[in-house]
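User: I'm new to this structure and would like to understand the words used for it. Could you walk me through them?

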Amino acid sequence: MMYGLIGKPLGHSYSKVIHEMLGKYEYNLNELEPAQMKELIKSRNFKGLNVTIPYKKDVIPLCDRVTKLAGEIGAVNTLYFKDGQLWGHNTDYEGFLYASKRAGIQYCNKVVAILGTGGASLSALAAVKHEGCSEVYRVSRSSSDADCGIINYETLYSMAGHIQVIVNTTPVGTYPDNLHRLINLDEFSKLESVMDVIYNPFKTLLVQDAQARKLHVSNGLPMLVAQATAAAGYFLNAPGSFDKMNEKIIEALEEKLRNIVLIGMPGSGKSKVAKALSNITGKPFFDMDKEIENREGITIPEIFEKQGEKAFRDMETQVAQDLGKERGIIIATGGGSILRPQNVAALKQNGLVIHLVRPIDKLPTNGRPLSKDIDALRQMEKIRLPLYRRAADITLNNSRYLSRRKLEQYLLDKLPITKEKSYDNDK
């Protein structure tokens, strides 16, 4: 192994795909036990390694030298050779600042709260201090230590009116335990920015809350990419030489990993468009109503007749949560999926949400329990249209009948998608 990542677990790491997009070397993921980690590093049988949990502190005594920054942070995520010696460095710091500046998040003269006190918080702490924050607090669930700048969540809420920037370095809300959050932003009246180091999902509830308030906000993907390209520069003794690749890699990963979610009135063509998008992008297609029918073993009209609408909506919520946490898929929703805010939050986690619009008089009514005639459709649209508009990232007119070829070209012209590309597996 010449280059790679060590840590445990690594099942959902994107490091391999990011590093190999640079086209300079093969990169491997290596889940190691503590003894194996020590043996590998002592062997020096590699050219460069990234280090993730739980070994960012454990590798420090195994290095010949540690950079001043890594020593200050107290954690190492990059091992490389220079002048025959093994150096330990921390590029999480560089990645954090890159993501922050990209999003317009400023720390100078700001009061900052960093959620979490683990290894990731140390890089953020160093970065915001170096940027000149006026005050910074790390927030712990379990304890407070005012002398070390650590407070609990009760204290955080008592000073919520003064906090201007929140940085989440905890794993709360990350895959597979999606749709959780530690704090309610409603209490933070002076909040300007939110930085969340989580990148799976793209939009945690914290990120969605910040976006709804039109704050400066970033998820962890730009940080992940920038720390990786920075590490590559150290591996190859050319620091900074891959910085120009960051945006290209971020864009490619977002396109590869994001879901495309179709919402709209019953009969607006969501399934047909989803199939066309699947053909264009190579992403698998899931129909939420079909998923419900497959799980229950009966049709949607039978569910409404035998169990009622509430039971159906509960099933729909579960499917929205299950599919919403996946990545790189096409989702055709049921017409009423946007009636529950929790469904919208689940689908927006990784999804580009597209509202398909079709005139009422072109919507079918056969076999649809809630849209049996044109009057029912008009009443339904009156209620749902504001919800569709609020949830959508893009609105697309789907009123014309188009052949498959013309529909695919129409989608390519109107949406931020490209034909299927071949990327290395990110597992």
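Analyst: Gladly! Let's start with helix α7, residues 205-212: six of its eight residues are buried, so the rest of the structure largely encloses this helix. This is a predicted model, in which local features need pLDDT of at least 70 and side-chain atom pairs count only at pLDDT 80 or more, while totals for chains, interfaces and linings use all residues. Residues are numbered from 1 along each chain as its sequence is written, and side-chain values use heavy atoms, leaving out hydrogens and water.

User: Which residues of α7 are buried, and what covers them?

Analyst: They are Leu 205, Leu 206, Val 207, Gln 208, Asp 209 and Ala 210. Buried means under 20% relative accessible area, exposed over 50%, and partly exposed in between (1.4 Å probe, protein chains only). The cover includes β10 (165-168), β11 (193-196), β12 (216-218) and α14 (341-348). Helices (H or I, at least four residues) and strands (E, at least two) are DSSP runs, numbered from the N terminus.

User: Why is Lys 406 called partly exposed?

Analyst: Its relative accessibility is 48%, so Lys 406 counts as partly exposed. This lysine lies in helix α16, residues 404-414.

User: What makes Asn 109 exposed?

Analyst: Asn 109 has a relative accessible area of 58%, so it is exposed. Asn 109 sits in the loop between α4 (92-102) and β7 (111-115).

User: Which residues is Asn 109 in contact with, leaving aside its neighbours within four places in sequence?

Analyst: Those are Gly 132, Cys 133, Ser 134 and Gln 164, where contact means heavy atoms within 4.5 Å. The C-alpha atoms of Asn 109 and Cys 133 are separated by 4.5 Å, and these residues are 24 residues apart along the chain.
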